[in-house]
Amino acid sequence: MGSIGTALDTGVVPNLAHPGGNITGFSSQNIDIAGKQIGLLKDLIPGVARVAVLSNATNPGAVVGVRHAEAAAKTAGLTVDTVQIHDAGDLAIELPALGSLHPDAALVVADTLLLAQRQRIVEFMMTNRLPAIYAYREFAEAGGLISYSTDFDDLFRQAAAYVDKILKGANPGDLPVQQASKFKLVVNLKTAEALGLTVPPLILAQADEVIE
């Protein structure tokens, strides 16, 4: 596995340290970072009280991600509304449904189907002047406000080393599933300005990349 959202919660392996069987690799933790994402929304948007979470109901990892987001929001004292799709066509209905909830902000859970539809999602958020945080940097590059995500470049470099070990005879089941340890924060200042938001200096200081 070059990158999987969560290996344990989805039952891919029974144990991270000793996965057994014929599978190992790297867990991106990209669905486990909702607490940090919710915290960034609170720091970025004064008075935020209601957050809409957009997810893919057919992705087991994204389902786990929703649970993390809901728990993090509850801990932060926020109200959460979850909107889920089953395929790209559902966005035509579910994005307007999300907007009708009138949230103060949105969180888009890590999912490759949603990633493939990033331009459509970002344009909706902008048209509806809805600040959103995303789980892939590509959203911020497409015009999204802010992303906090796994450093996938680092993860895949490490995965290449595992491939080398396996090709040299290592048993995959004896290699521990490793979890991502590096994450990236990307802020799009152009989008912040368009939304009338001032990005706090603390967030800018934490950012790995600022799009101006």
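Student: Is Arg137 buried, partly exposed or exposed?
Tutor: Arg137 counts as partly exposed, at 24% relative accessibility. Here buried means under 20% relative accessible area, exposed over 50%, and partly exposed in between, with a 1.4 Å probe and protein chains only.

Student: Before going on, what should I know about the model itself?
Tutor: This is a predicted model, in which local features need pLDDT of at least 70 and side-chain atom pairs count only at pLDDT 80 or more, while totals for chains, interfaces and linings use all residues. Residues are numbered from 1 along each chain as its sequence is written, and side-chain values use heavy atoms, with hydrogens and water left out.

Student: Which residue meets Arg137 in a salt bridge?
Tutor: Glu209 does, at 2.2 Å from N to O. A salt bridge is a side-chain nitrogen of Lys or Arg within 4 Å of a carboxyl oxygen of Asp or Glu. Glu209 lies in strand 9 (residues 209–211) and Arg137 in helix 6, so the pair ties together parts that are 72 residues apart in sequence. Helices (H or I, at least four residues) and strands (E, at least two) are DSSP runs, numbered from the N terminus. Arg137, Glu141 and Glu209 are also linked in a network of salt bridges.

Student: How many salt bridges are there?
Tutor: The count comes to five. One of them joins Arg50 and Asp81, at 2.6 Å from N to O. Arg50 is in strand 2 and Asp81 in strand 3, 31 residues apart.

Student: How do strand 2 and strand 3 pair?
Tutor: Strand 2 (residues 50–56) and strand 3 (residues 79–85) pair in the parallel sense over seven bridges; pairing requires at least two DSSP bridges between the strands. Within this pairing, Val51 stands opposite Val80 of strand 3.

Student: Changing topic, how many aromatic pairs are there?
Tutor: A search of the whole structure finds five. Rings of Phe, Tyr and Trp (its six-membered ring) pair if their centres lie within 6.5 Å; planes under 30 degrees apart count as stacked, over 60 as edge-to-face and the rest as tilted. Among the pairs is Tyr134 with Phe139, which is stacked, at 4.5 Å centre to centre and 5 degrees between the planes.

Student: Which residues do ring pairs link into a cluster?
Tutor: Tyr136, Phe152 and Phe156.
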